[in-house]
Structure formats: C-alpha cells, structure tokens
Amino acid sequence: MPAPAPTAADADPEETREWLEALEAVVKQHGKARGVYLLSQLEEQARQLDILTHALPYSSYRNTISLEQQAVHPGDIALEERITAILRWNALAMVVRANEAYGELGGHVASYASAAEIFEVGFNHFFRGDREGHDGDLVFFQPHSAPGVYARAHLEGRLSEQQLAHFRREVDGHGLCSYPHPWLMPEFWQVPTGSMGIGPINAIYQARFMRYLEHRGLVPASARRVWGVFGDGEMDEPESIGALTLAAREQLDNLTFIINCNLQRLDGPVRGNGQIIQELEGLFTGAGWNVIKVLWGSDWDALFARDTHHALLRRFAETTDGQYQTLGANDGAYNQAHFFQLDPELRALVAHMSLADIDALKRGGHDMRKLYAAFSAARAHRGQPTVILAKTKKGYGMGGTGESRMTSHQQKKLDVATLRSFRDRFALPLTDAQIADLSFIKPPEDSAEVRYLRARRAELGGYLPARGAEAPAIALPPLQNYAGFALQADGKEMSTTMAAVRLLTNLLRDKSLGPRIVPIVADEARTFGMANLFRQIGIYSPSGQLYEPEDAGSLLSYREARDGQLLEEGITEAGALSSWVAAATAYSVHGLRLLPFYIFYSMFGFQRVGDLIWAAADQRSRGFLIGATAGKTTLGGEGLQHQDGSSHVVAATVPNCRAYDPAFAGELAVILDHGARSIMQRSEDVFYYITVSNENYAQPSLSAELAAQVIQGLYRYAQVIAPQPAGALRLLGSGAILREVIAAAALLQSDWNVSCEVWSATSFSELAREAAQVARWNRLHPSLEPKVSHLQQCLAGATPVVAASDYVRAYPQLIAAYLSADFTALGTDGFGRSDTRASLRRFFEVDRKHIVIAALDALARHGALERSLVASALARYGIDAELPAPWTR
Ligand SMILES: Cc1ncc(C[n+]2csc(CCOP(=O)(O)OP(=O)(O)O)c2C)c(N)n1
Ligand SMILES: [Mg+2]
C-alpha cells in the first residue's frame with residue numbers, strides 16, 4: 001500500500017505504519033501473550049513519560065474469543081437449531097393467539113426472537129437444574145421473553161397445551177403469567193424480573209449471598225452459578241449498573257450476565273448515534289468485569305481471516321447502532337450497497353458472495369457455536385464475574401413486519417403471509433392450515449428433538465426454572481427468654497429502636513436461631529445503636545480484614561471477617577434490599593430458613609426502593625424490614641427528606657407485607673416473636689415491616705393476654721374516667737404519638753371533664769385488612785349470621801373516635817370505613833422540617849393539645865358539649881386558629 005498523506009491526527013503515517021506492522025509481526029511470530037506483554041510495557045513507559053492521557057476502555061468491534069480459542073460446541077447443532085425454531089414458533093403462536101382471541105392481552109414476540117439462541121445454549125449446555133434439591137443454578141430471564149421459556153417447558157412436558165393457550169389469562173384456571181412471577185406460578189418461576197433493573201441487581205446480590213452462605217459455613221462450597229439474561233435497553237436502569245463494582249470487588253466468578261444486545265429498546269435504538277456494545281464494554285471493564293463480546297457469527301470468520309488490513313473493523317467502528325438496525329431490517333442487496341460497497345477493500349472481500357450469502361451473514365448472538373464458546377469461557381473464568389455482550393437482532397426471523405423494525409417490540413399481530421415466511425425461513429413442519437390456526441408444534445416423545453432436549457436436561461440435573469418452596473423449620477427460644485426486658489419493662493426508659501436492637505442481639509445469641517439471622521444495614525448501624533454487632537458477629541467481607549482497624553481493642557471495634565454475619569452494604573438501599581431478598585428467599589433458593597433483618601431509615605425504604613420491595617413480595621420473601629428513625633415528628637432534627645410520614649400507607653398496599661407501628665417495647669417484642677415464628681416455623685409467605693423510633697421514654701410492661709390483640713392491631717391500653725363526665729370518647733394512637741394520646745386523655749379528664757378510652761393501634765393496616773375481609777364475607781353471605789371484625793369488636797357503638805399517628809392521615813383513615821362512630825384522623829401530612837419533637841408535633845397538629853381540640857370538636861358536633869368549649873380550649877392552649885394547614889406550608 002502506498003503511504004497515506006500526513007493528517008492533523010497523524011503527522012507521520014509512515015512511522016505509524018512501522019509501529020503497527022512491528023506489533024503485528026511480533027504477534028504473528030510469538031503469539032498474543034507476547035503482544036500483550038509488549039503493550040503493557042509500552043503503557044508503563046508512556047505513563048512514566050506522562051503521555052498516557054487515556055486509553056480506550058473497549059476493544060475492536062469483533063468477537064473477544066478468536067476462532068483458534070473457541071471451545072468446540074459439543075452438541076448436535078442442527079438439532080438444537082430445529083428445536084429453537086419450534087420454540088420460536090410456539091412462543092410466537094402463544095402471543096399472536098392471545099391477541100387474536102382477546103385483543104387486549106398484549107405480549108411480546110420480538111424479544112424472545114432475539115434471545116432464543118442465548119436461552120437455548122444455556123438450557124442445553126449450562127444452566128444446571130436442582131440435582132440434589134437445592135443446588136441448581138439461579139437464572140434470571142428477560143421478562144418479556146417468558147413465552148420462550150413456556151414454549152420450552154411445553155416440549156419438556158412440564159406445561160400443557162391448554163396452559164400455553166391461556167397465556168396471560170390467569171384469573172380463571174391455569175393461565176400463564178405475562179412475566180416471571182413466583183407469586184402467581186410458585187412452582188415455576190424463581191425470580192421476578194418484570195420491572196427492568198431489578199433482575200440485574202438482584203442477580204448480583206444472589207451470587208454474592210451464595211458466597212456469604214459458603215463463607216459462613218451454612219452451605220458447602222459448590223459450582224452453583226447465577227446467570228442473568230438482560231436487555232441492552234434495560235442496562236440504562238440505575239439498578240442494572242449500580243452494583244457492578246461490588247460483583248467485581250468480591251470476585252463473583254459464579255456470576256454471568258448475558259446482555260442481549262439487539263440494539264433496540266421499546267421505542268427505538270438504545271444508542272442510535274453510538275454503539276451500546278462498546279459503551280457497555282467500557283462500563284463493565286471499568287467496573288472490573290471480564291467482558292466477552294459475541295458480535296459476529298461463524299460465517300464471518302472467513303471474511304475476518306482474509307481482511308488483513310482490518311477494513312471490516314474500521315467500517316464496524318464507523319457504523320452507528322441506528323445504522324446497524326437499518327442494515328438489519330434490510331436485505332442482502334441493501335447491505336451490499338450500504339455497507340460493503342462503501343469501502344473498496346470490503347467490496348473485494350465479499351466479491352465472491354451472492355446477495356443471499358450476504359443476507360445470511362449472522363450476528364454472533366444467533367450462532368450456537370459462538371455463544372457456546374462464550375458461555376464456556378465465562379464458566380471457566382476465575383476471579384471475576386463475566387458479562388457476555390451478545391449482538392442479536394430484535395425480532396429475528398420476523399421478516400418485514402418485525403425484524404429490526406422500530407416497532408418490533410410491540411409487534412404481536414402477524415398476518416398470514418408473515419407467518420408463512422417465518423415457517424419457511426425456519427423450515428417448520430407446519431401446513432398452511434396449521435399456520436392459519438396458529439397450531440403449536442409438539443414433536444412426539446420419541447422424536448429426536450424431545451429425546452435430545454430431555455437428555456440434555458437430565459445431564460444438567462433436571463428442568464428449570466423450578467422453584468423450591470420448603471426448608472426445615474428452625475426452633476425459636478420462648479419469647480420470655482429473650483424479651484423479658486421489654487415485656488416487663490416496668491417504666492424503664494428506652495427507645496423502640498434500642499429495644500429492637502436488644503431483641504436482635506439476644507436472638508443472635510440463641511444457638512439454634514442465632515446463626516440463621518442475617519442483619520443488614522446500609523451504613524447506618526451506628527445511627528441505630530448497633531455498633532456492638534461489629535465485634536460480636538463481625539462484618540462480612542470475603543477477604544477478611546487486611547488492615548488494623550483504627551479502633552482495634554475497643555469493645556465496638558470495626559471487625560471485618562470472612563465469616564462475618566452482618567451485611568454492611570454501604571450507602572446503597574437498593575443493594576441492601578437486594579441482599580435482604582437473597583436472605584429472605586433462601587428457604588426457596590437454598591432450602592435454608594433464614595431470618596433477615598434489614599434496618600434502615602424508614603424514609604429510605606418504601607419511598608426509595610419501593611419497587612424492589614414489591615418484587616420481594618412477588619418472590620415470597622420472608623423476613624423483617626425494620627424502618628428505624630421512623631415517623632415525621634419523632635425524627636426531630638433532620639428534615640424534609642428524612643422524615644417519613646408515608647411508608648405505612650405504601651406498606652399497606654403490599655398484600656403479603658404485615659406492617660406495624662408499635663409504641664412500646666413490649667408490643668414490638670410480641671410482633672417480632674409472632675413474625676419470627678410465622679417465618680421460621682409456620683412457613684407463611686409473609687414479611688414484616690415494623691417502624692421503630694429513637695425517642696427515649698418510659699416503657700410500660702405488657703400483660704401476656706394482650707399479645708393476640710397486639711398482633712390483630714388494636715388493644716385497650718387504658719381507661720381514663722372523669723367523675724361525672726360531660727362526654728366520652730375513644731382515642732387511638734400508634735407509635736410515638738400514642739404518648740401524646742395518653743397525655744391528651746389526661747387533659748380531657750382534668751381540664752374538660754371528659755372520659756376516654758385509650759387504644760394502642762399497633763397496625764391500622766392489619767385492622768383494616770381484617771375488617772375488609774369480614775365486610776366482604778358478610779356482603780357475600782347475606783343469609784348467614786354476620787361476622788364481626790376485631791376492629792368492630794373493639795370500637796363498637798357510636799362513641800366518637802379520634803386517631804392520631806406520626807404518619808399522614810390516610811394511614812389511620814384506613815379503618816374509617818369500617819366504623820359506625822364519628823371518626824377523626826390526625827396526621828402529619830405535608831413536608832417535614834427540622835425542629836424539636838414538641839415543636840414538630842405542634843406544627844403538624846398531632847400533639848396532645850390538638851388531640852384534645854379534635855376530641856372536643858367531635859363531642860360538640862354530636863351535641864354532647866357546647867361548641868363554645870372548643871373555642872375556650874383553643875384559647876386556653878394558645879392555638880392560633882388562623883395558621884394555614886401544615887400540608888400547605
Ligand atoms: C422499570 C420498567 N420500565 C419500563 C418497562 C417497560 N418495558 C418492558 S420491555 C422494555 C424495553 C426493553 O428493552 P431491552 O431491555 O433492550 O430488551 P429487548 O426487548 O430489546 O430485548 C420496556 C421499556 C419495564 N418493564 N420496567
Ligand atoms: Mg434491546
């Protein structure tokens with residue numbers, strides 16, 4: 001080649017070429033390792049000369065694994081391709097049928113069409129089933145590719161044709177979920193992935209938790225792996241990438257991500273003007289992962305071999321993803337004209353190929369050989385997690401209506417012509433009539449396809465996904481043994497947070513239960529007074545402790561250990577919640593009952609990571625979420641973004657979450673004990689959300705016979721009788737505000753001659769749930785004796801009720817509809833702000849004085865008192881009636 005002219009970027013092309021040729025010659029003669037060594041020396045030298053400003057964090061646009069390094073696919077590729085074609089068809093038929101019959105059901109065809117080979121390589125060669133109960137791999141599937149997983153389970157004989165025909169029809173009978181939902185298909189799906197980003201972060205923490213269990217000696221070391229197939233669009237979610245460095249730092253070589261890089265998301269290209277694969281390579285490399293790119297199929301190998309001047313790589317580098325998509329949507333002629341013809345070297349390279357040959361060139365993610373080699377390299381790689389970036393086509397095989405089209409994602413109604421060309425392209429054994437009927441293909445038991453597929457799964461330990469549901473129960477100490485201090489508190493001062501930590505500490509000492517507890521914090525252990533646990537149980541760190549801690553020797557020393565029990569996640573609520581999910585589903589994933597406690601700032605729970613909690617609920621998590629420093633006025637000095645007034649309202653919407661807002665240590669102990677038994681012994685698929693606060697106050701004892709009512713959500717704490725009462729009413733309070741309610745009752749008696757019952761409402765949401773159940777039952781059984789809910793038993797009659805909590809009014813209002821009495825809810829609606837507790841309670845109108853006003857107002861409205869009395873009370877307590885409402889300020 002003649003030397004090119006100097007340019008601004010390259011002042012001496014001749015010299016540049018000499019360097020490049022020298023490197024090429026070294027690699028040819030002495031191999032790649034030598035080439036890498038020379039480069040690393042050059043890099044070091046460049047650093048010393050201070051000329052290395054930045055190195056590109058990605059490699060050329062080609063397969064990471066060269067042809068020579070490629071592990072040989074051990075299976076029958078032709079047969080696997082036939083099976084894949086059948087699965088593709090059945091998945092497509094499921095979706096198209098559902099939409100023809102019931103136009104509203106939705107569903108996706110194009111995603112599985114792009115992921116089919118990825119899934120099948122995994123199913124036929126890598127994803128291990130549960131050979132011995134609980135040692136199978138955990139696989140996260142792209143949610144909208146679920147039809148492909150169902151299609152396979154049908155060929156395996158695990159799902160019937162009837163079920164396939166009821167895709168997305170779950171209400172009556174045996175329909176199949178739209179996406180992976182363990183709640184709705186508890187024997188099938190292990191992990192929910194329907195909300196983008198949750199799969200990737202959960203996968204990382206599941207892989208990490210496998211190591212945690214091994215290092216703590218709770219499970220033997222094994223070859224178990226976590227695999228996750230995710231979308232390239234999905235990688236834009238913060239959760240998808242938020243924990244990548246953790247996976248690398250902890251050397252999770254039991255973890256493989258396969259990113260299905262079809263270059264498209266729902267609306268259009270993921271990076272139309274860039275290259276998502278290169279961007280992801282840079283991201284994962286920077287995070288410390290092993291990156292394997294699978295970009296081009298085997299038929300490109302010969303082209304690469306002849307492309308001695310790397311014209312292909314140059315052209316690839318210059319092609320944007322938007323353009324790749326357009327190339328993908330068009331035929332060989334278009335690709336010839338708009339790709340190969342653009343460069344004389346490329347034109348020469350494909351001169352011998354027909355347009356059909358060019359059209360048939362595959363992307364790597366559709367080539368079983370290339371994928372097999374990548375999976376195999378990922379499994380063999382040590383010391384790092386691996387990501388496989390597999391380049392695919394969205395809607396592969398869907399032709400003009402769906403292949404690499406902008407609208408591929410939404411395409412679910414295919415016309416007969418498209419279906420026929422799909423059949424022809426994949427040589428499917430279908431008549432025109434069967435096409436028109438969208439018949440499923442089910443090769444007979446003794447067919448080569450079914451025999452092959454069964455043999456592969458048998459070899460790999462069984463079918464998958466399959467969810468285990470049970471684990472041996474664990475004995476718990478009697479409540480009194482570990483909670484005496486709380487039950488017989490006898491006026492001792494402490495906060496409920498302190499009580500929670502003490503209960504936890506006591507349980508940790510129990511021989512049987514202790515090791516099964518998994519305490520989790522996100523950099524707030526000191527805030528909650530848990531620093532004693534650092535030394536007592538150690539902080540989990542796979543590398544132990546490689547430094548002498550500054551506070552070595554102190555009782556609270558910061559002790560990291562390989563078998564540490566405490567998961568100190570740092571400032572990542574999403575990560576901590578993912579760890580909690582891993583522990584809370586260990587009964588299913590590992591056949592091991594664990595009792596996780598994730599303790600966090602309550603404001604950074606349901607509000608911050610609510611969707612992760614929703615996914616935790618879907619996968620039947622069992623454990624405790626402890627919302628500490630809870631309440632809007634109890635967390636005094638903080639402010640608007642720390643003070644939580646809403647978590648209980650959100651918690652009430654999660655069906656299997658039992659939420660409590662206890663006021664006293666004794667109540668807390670009873671709730672905790674009840675929860676621990678439901679999880680460790682009764683196998684209920686529930687989790688508990690309990691709020692605790694850091695206000696110190698005198699804790700009363702709790703009598704044992706009240707325990708059941710504490711769990712039901714309401715018990716009478718006291719009765720305050722005025723001698724000749726002017727009126728009577730019921731005051732309800734929860735959490736820290738119960739004490740204001742108690743004080744209000746005293747004021748009502750002394751200042752206004754009113755009698756009160758004081759009720760501790762440990763859970764407005766549990767009360768409302770049971771009341772709703774009862775109301776429903778009564779409605780549906782009009783001829784039977786009506787049932788009475790606990791709420792109605794407690795608060796029967798017309799005595800007015802005033803309820804106050806440290807949460808928004810909507811929380812106590814949950815019970816309003818089930819009461820026959822006049823009901824007033826006081827709450828903390830509005831933005832929080834920093835001040836003392838007393839000032840905040842006055843501001844939000846939940847202090848004792850405002851409770852008295854609300855009580856007098858209720859009695860006045862019922863004619864029990866003069867309205868003028870309310871005015872007197874306002875004057876007496878110095879309440880400015882003209883201040884705007886707190887929620888408007
Ligand atoms: C949190 C969340 N946001 C949005 C969606 C809706 N959604 C489902 S699939 C999808 C596009 C996915 O694109 P990609 O991850 O690239 O997967 P592909 O279908 O291309 O394989 C979107 C936006 C969702 N499921 N979850
Ligand atoms: Mg995509």
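Predicted model: local features only at pLDDT ≥ 70, side-chain atom pairs only at ≥ 80, totals over all residues.

Tutor: Keep one rule of helices in mind here. An α-helix has 3.6 residues a turn, so residues three or four places apart point the same way.

Five strands form an open sheet, in the order S1-S2-S3-S5-S4. The pairing is parallel. Strand S1 (138-140) and S4 stand at the edges. Each has a single partner strand, so one side of each has no neighbour in the sheet. From one strand to the next, the twist averages 15 degrees.

Inside that order, look at S3 and S5. Strand S3 covers residues 255-261, and strand S5 covers residues 386-391. They pair in the parallel sense over six bridges.

Is asparagine 290 buried or exposed? Its relative accessible area is 16%, so asparagine 290 counts as buried, the cut-off being under 20%. Set aside its neighbours within four places in sequence. Asparagine 290 is then in contact with His381, Gln384, Pro385, Thr386 and Val387.

The metal comes next. The magnesium ion (ligand 2) is coordinated by Asp232 through OD, Asn262 through OD1 and Gln264 through O. The distances are 2.0 to 2.1 Å. In sequence, these donor residues are spaced D-x29-N-x1-Q. Asparagine 262 is buried, because its relative accessibility is 5%. Glutamine 264 is buried too, because its value is 3%.

Finally, turn to the rings. The whole structure holds 54 aromatic pairs. Take phenylalanine 606 and tyrosine 689. Their ring centres lie 4.8 Å apart and their planes stand at 70 degrees, so the pair is edge-to-face. Phenylalanine 606 lies in helix H26 (residues 606-618), and tyrosine 689 lies in strand S14 (residues 687-691). The pair therefore ties together parts that are 83 residues apart in sequence. Phenylalanine 606 and tyrosine 689 are both buried.

Tryptophan 752 and tyrosine 877 form another edge-to-face pair. The centres are 6.3 Å apart, with 80 degrees between the planes. Tryptophan 752 lies in helix H30 (residues 738-752). Tyrosine 877 lies in the segment after helix H36 (868-876). So this pair ties together parts that are 125 residues apart in sequence. Tryptophan 752 is buried, because its relative accessible area is 10%. Tyrosine 877 is buried as well, because its relative accessible area is 11%.

Stay with tryptophan 752. Arginine 876 lies over the face of tryptophan 752, at 5.4 Å from the ring centre. Elsewhere, arginine 168 lies over the face of tyrosine 179, at 5.2 Å from the ring centre.

Key
Residues numbered from 1 in each chain as written. Chains lettered and ligands numbered in written order. Heavy atoms only, no water. Donors = N, O, S within 2.8 Å, 3.2 Å for Na, K, Ca; no water. Buried < 20%, exposed > 50% of the residue type's maximum accessible area, 1.4 Å probe, protein only. Contact = heavy atoms within 4.5 Å. Phe/Tyr/Trp six-rings, centres within 6.5 Å; stacked < 30°, edge-to-face > 60°. Helix = DSSP H or I, 4+ residues; strand = E, 2+ residues; numbered from the N terminus. Lys NZ or Arg CZ within 6 Å of the ring centre and 35° of its normal. Pairing = 2+ DSSP bridges. Axes fitted to C-alpha atoms, helices over the stretch in contact; angles between N-to-C directions.
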